[in-house]
Amino acid sequence: MAETQILTPVDDGSANRLPAPVLGGRLAPLTGFIRQPAVQRALPAIAMTTAVGIAALAYFTMQSAPQAQLFAGLDDTDKSAVADALQTQGIAHSIDPTTGALTVDANKLHQARIALAGQGLPKAAPSGDSLIAALPMGSSRAIEGEALRSAREADLSRTIETIDSVKSARVHVAAAEPSLFVREDKPATASVMLTLQNGRSLSDGQVQAIRFLVASSIPGMNADQVSVIDQRGALLSDTASGGDMKAFQLQVQVEDRFRRALDTLLGPMLGVGNYTVEVHADVDMSESQATRESFPENDRALRSEQITRSTSGSAAAPAVGIPGALSNQPPQATTVTANAPQPAPAPAAAPGTESNENAARAYEVGREISVTHSPQGKIRRVSVAVALNQGKKALTQADMTKIDNLVKGAIGFDATRGDLVAINQRPFVQVEDTTPAFYDQGWFMPLIQQVGAILAALLAFLFIGRPMIRAAKERATARADRNAAIEETLLAATDRPALASGQSGREITLEMIEQAPSYEARANLVRAFVRQDSARAALVVRHLMQEGARA
């Protein structure tokens, strides 16, 4: 009778489990857990999850969360209270060493503000509503007026602080008591104190907007009665409305327009960096208006004429006067100018009568009124200086003349007003670039952190994940082949009648049952063991039950 040989699983230390250091019995539970088939099958997924976790941990460790300023304009007392409250709530915060601003993670900004609002923080900047709500009942009229004024000032301050360049603002309103006499009534005035962000400034338009905002919020106030200053003590309201500043801004605009025109012409011809242009424009900001009235010399016309004639005398008038003199002669006839209308001829006087004639004439005299108005912003003189880079080959005089004509045409050259154009060519000196290197830029370190996180993830996958996946696949293949061989042997052994009668070629031991790779193989070995020696199997079961009872 042929002997039936049953293959037993062999544990060579690398076929079906991970190598583990021998540290005595302390690692025995861990080694047994790793040798389990379910754990062996789950090793690829565990390796992949571990690699992804290491990559994510490296990324979040190197990537710092963006910070956002919690509140602007807090004093040190409020900062201390806010920092303690954030620490109690478990919200991480930091203080900027340069500006002293209290910042938190951007994704926790609203959570921190809500938590602080629940504790009534910050307390240094109350709103207008809170001031009015805190007004006690039965207050006098003066106290109510002061409370309303303080509430208006607080609301205006909070509104002005919403401007990006403004860090904090304080508004002070001075309003006199209303008087019954109109002459004694004084308008209200206001002062605005601004604390600007580091490196920021306000334009004239923004200053004017702040003045109009305050003036529009207070009855009877004009924008000219609002003064605005910054933390350095500079009076911004005067610079916004001063005539000198307007003249300077107009001059800068004119010079920039000329400079852009010259850059447009010379840039394509000479190339960027081969020329420099400086423009100075003398702008006349004076405004004059003159009225002149003149009367032309030969410009008149007869408007009206009135003639009165009278006749008197007798037939024998006595002679008077000195004999022989001209006094006895009749008066001469009156004369009229050529352009005047000729009066009707007077009837001939009878002999011995006197005739008198009076004429009153009115003439219309011509008049000329001339009004001359000279507006602001007239250019009195323009000076342009152009420096050309002399390369390996200098420009000829003809080329210089052409460039001179281009420059004059671009600025509207006028010799009568004294315009000046100076063009010169010299070799340019190489100026060292003062811009910071690329590794000193603000974007470089975040980029390095992100690239490092990606490289760490790739290295973890290549050196940890892939070897574990490959080893797990090899172990799974070897285990599948060995299990197939064992199952075939067990199937052949259980089908023979000799195994049923306990006459197998090889005795089945408890070590073989413990080392079975699968549940089905172990069950087959247990059945064969029972058939082989039922008494011994009963003793083993009894022994196991006793150990279970003692445990």
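Predicted model: local features only at pLDDT ≥ 70, side-chain atom pairs only at ≥ 80, totals over all residues.
1. Overall make-up. The chain has 551 residues, of which 23% are buried. Its secondary structure consists of 15 helices and 13 strands. Where contacts link residues at least 6 apart in sequence, 72% of them join residues at least 24 apart.

2. Main nonpolar core. The largest nonpolar core comprises 22 residues, and I160, V192, L194, V214 and M221 have the most contacts inside it. Two or more residues come from each of α6 (141-160), β4 (166-174), β5 (189-196), α7 (204-217) and β6 (226-229). In soluble globular proteins, nonpolar side chains tend to be buried together.

3. Surroundings of I160. Apart from neighbours within four places in sequence, I160 is in contact with V166, A169, V171, V192, L194, I210, L213 and V214. Of these partners, V192, L194 and V214 are also named among the residues with the most contacts inside the core.

4. Second core. A separate core contains 19 residues, including L266, Y275, A281 and M400.

5. Helices α14 and α15. Helix α14 (residues 519-532) packs against helix α15 (residues 534-550) at an angle of about 120°, and their axes lie 5 Å apart. The two helices are therefore oblique to one another. On the α14 side the contact involves F529, V530 and Q532, which meet S534, R536 and A537 of α15. By class, this contact has 3 nonpolar, 2 polar and 1 charged residues.

Definitions and conventions. Residues numbered from 1 in each chain as written. Heavy atoms only, no water. Helix = DSSP H or I, 4+ residues; strand = E, 2+ residues; numbered from the N terminus. Buried < 20%, exposed > 50% of the residue type's maximum accessible area, 1.4 Å probe, protein only. Contact = heavy atoms within 4.5 Å. Core = buried A, V, L, I, M, F, W, Y, C linked by side-chain atoms within 4.5 Å. Axes fitted to C-alpha atoms, helices over the stretch in contact; angles between N-to-C directions. Parallel < 35°, antiparallel > 145°, perpendicular 65-115°, else oblique. Nonpolar A, V, L, I, M, F, W, Y, C, P; charged D, E, K, R; others polar.
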